[in-house]
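Subject: Structure for your files

Hello,

Here is the structure I said I would pass on. My notes follow below it.

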Amino acid sequence: MEYLIRFAQVHESFRQPEIQALADFANIKIEDISYDEFSPYCIVKLPNEEAARTLISRSILAKDIFELWGQGVNYEELHADVRRRTEHLWARYKQTPFRFTVETFAGKRNSTQKRDIIQSFGYVGFEGRITLKDPEQDFWVMEQYYDRTHVPSSVEPPASAQVSEPVKVYLGRWLANSSREVVNKYDLKKRRYISTTSMDAELTLITANMAGAGPGKLFYDPFVGTGSFCVAASHFGALTFGSDIDGRGFRGKEMTKGSPTGVGLNFQQYGIYSKLVDTFTSDITNTPLLDRPFLDGIVCDPPYGVREGLRVLGAREGHRPIGEVLIDGVPAHYREGYIAPKRPYGFEAMMNDILDFAARTLVTDGRLAMWMPTANDEEVELSVPMHANLEVVSVCVQPFSSWSRRLITYRKLPDGVVSDISLRRQKEDSGTTADELNPFRRKWFMKLDTPKAATKIPFSPQ
């Protein structure tokens with residue numbers, strides 16, 4: 001059976017991968033029939049209505065899903081398709097309370113036109129009560145017009161695309177809403193504990209979906225910060241924990257003894273405190289975690305090293321270890337508020353270390369969903385990091401003007417299965433300064449040094 005998914009017209013490159021990730025999570029067989037990033041309407045083939053409702057139930061980028069009753073480039077085609085597809089279903093809904101809704105995308109219809117459109121479907125013979133509020137069956141007529149706000153100016157509209165006429169029309173029977181409304185619940189403006197690097201709520205929820213967060217799964221964020229990714233994964237039922245090289249970020253300010261602080265405040269706010277396992281100070285290269293597969297998912301937004309150079313725990317090269325430091329007879333690292341020494345760290349090394357860590361600690365089919373900066377510039381473009389034991393599932397791009405960031409999702413391969421690593425970057429980091437160790441940071445400040453480019457940078461990376 002074919003179904004129509006109605007998407008929000010945002011984050012277009014994320015929409016199909018999220019739906020596919022949800023299908024994988026629920027073990028639902030899905031086939032894409034038609035999709036256009038400039039359209040909010042997507043047609044897929046699913047096993048049955050139950051699968052359609054399950055698929056859409058936790059989507060963030062979709063709005064709802066419909067049983068497709070017909071489609072066409074005009075109403076003549078639409079009516080013919082409705083008759084062909086659904087004439088055997090009309091008797092089922094003949095006495096059912098119903099409603100018809102007319103929606104237009106990038107176009108307008110007045111009330112008289114909408115009434116005429118609805119009446120043109122009179123041949124289906126519905127005799128039930130027309131119910132405008134909470135109908136038992138809700139039928140939607142959806143019109144798509146040519147949309148110049150989304151299609152690049154270099155792309156000419158189809159010859160048939162007139163301002164007053166839609167280029168595509170659909171009829172669908174509404175089935176279920178998605179979980180898009182939870183974006184408002186987790187809005188950072190309403191959150192008790194955030195920082196300047198807290199990830200947007202919508203994107204963290206999408207990331208959790210890409211990674212397959214769910215009940216009975218254990219998820220980890222090695223750059224936990226204020227816990228945005230852990231909160232999103234726990235919303236979907238996963239147990240979560242995280243670490244960070246600077247514990248002050250996740251600890252927050254001390255409050256009443258016994259009350260949650262820092263990251264815990266957010267979990268308490270959303271009623272998911274029982275899903276928070278713990279947070280601790282560590283980095284990806286110095287971790288106390290088990291060196292064997294035990295994680296179902298890893299979600300993270302690693303630091304980009306622009307505001308300040310990347311660091312890992314340890315002494316700088318050429319500096320002799322100072323040995324144990326005692327303060328009032330107590331080792332310094334046992335004292336509250338202790339901050340361990342750090343040394344410069346390369347961006348390339350960090351990417352490879354994250355993949356190595358994921359390959360060692362993820363269970364088979366476990367997922368790593370990692371954000372990575374890049375640029376709309378061939379000289380700064382960073383290739384997708386690869387690992388022999390990890391398969392790249394999807395690469396989604398959030399564009400800005402001069403810069404972009406990508407959400408890369410990996411799947412842990414079964415033992416003995418090796419991915420194609422022909423694109424793996426073999427370059428080793430060289431240098432000692434932050435700029436030498438991080439080509440993205442170096443190019444970023446080169447852009448800032450150019451007066452014209454300085455006005456094109458729309459966001460402040462980490």
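Does Asn27 count as exposed or buried? Asn27 counts as exposed, because its relative accessibility is 73% (exposed is over 50%, buried under 20% and partly exposed in between, with a 1.4 Å probe and protein chains only).

This is a predicted model, in which local features need pLDDT of at least 70 and side-chain atom pairs count only at pLDDT 80 or more, while totals for chains, interfaces and linings use all residues. Residues are numbered from 1 along each chain as its sequence is written, and side-chain values use heavy atoms, with hydrogens and water left out.

Positive phi

Asn27 lies in the loop between helix 1 and strand 2 (31–34); helices (H or I, at least four residues) and strands (E, at least two) are DSSP runs numbered from the N terminus. The phi of Asn27 is near 55°, a positive value in a residue other than glycine. Ala106, in the loop between strand 5 (98–105) and helix 4, also has a positive phi, near 65°. At 39% relative accessibility, Ala106 counts as partly exposed. Most residues other than glycine have a negative phi.

Helix 3

The 12 residues of helix 3 (residues 75–86) should span 16 Å at 1.5 Å a residue, and the end C-alpha atoms are 16 Å apart, which agrees; the expected span is 1.5 Å times one less than the number of residues. Buried in helix 3 are Tyr75, Leu78, His79, Asp81, Val82 and Thr86. They cover an arc of only 165° around the axis, so they sit on the same side of helix 3 (the arc is that of the directions from the helix axis to the C-beta atoms). Glu76 and Arg84, on the other side, are exposed. The cover over the buried residues includes strand 4 (62–72), helix 4 (111–119), strand 6 (137–144) and strand 7 (168–177); contact means heavy atoms within 4.5 Å. Asn74 caps the N-terminal end of helix 3, with a side-chain oxygen 3.2 Å from the backbone nitrogen of Glu76.

Strand 6

Gln137 is in strand 6 and counts as buried, at 12% relative accessibility. Its side chain makes a polar contact of 3.0 Å with that of Arg173 (a pair of N or O atoms within 3.5 Å; within protein, one must be able to donate a hydrogen and the other to accept it, and residues adjacent in sequence count only if both atoms are side-chain atoms).

Regards
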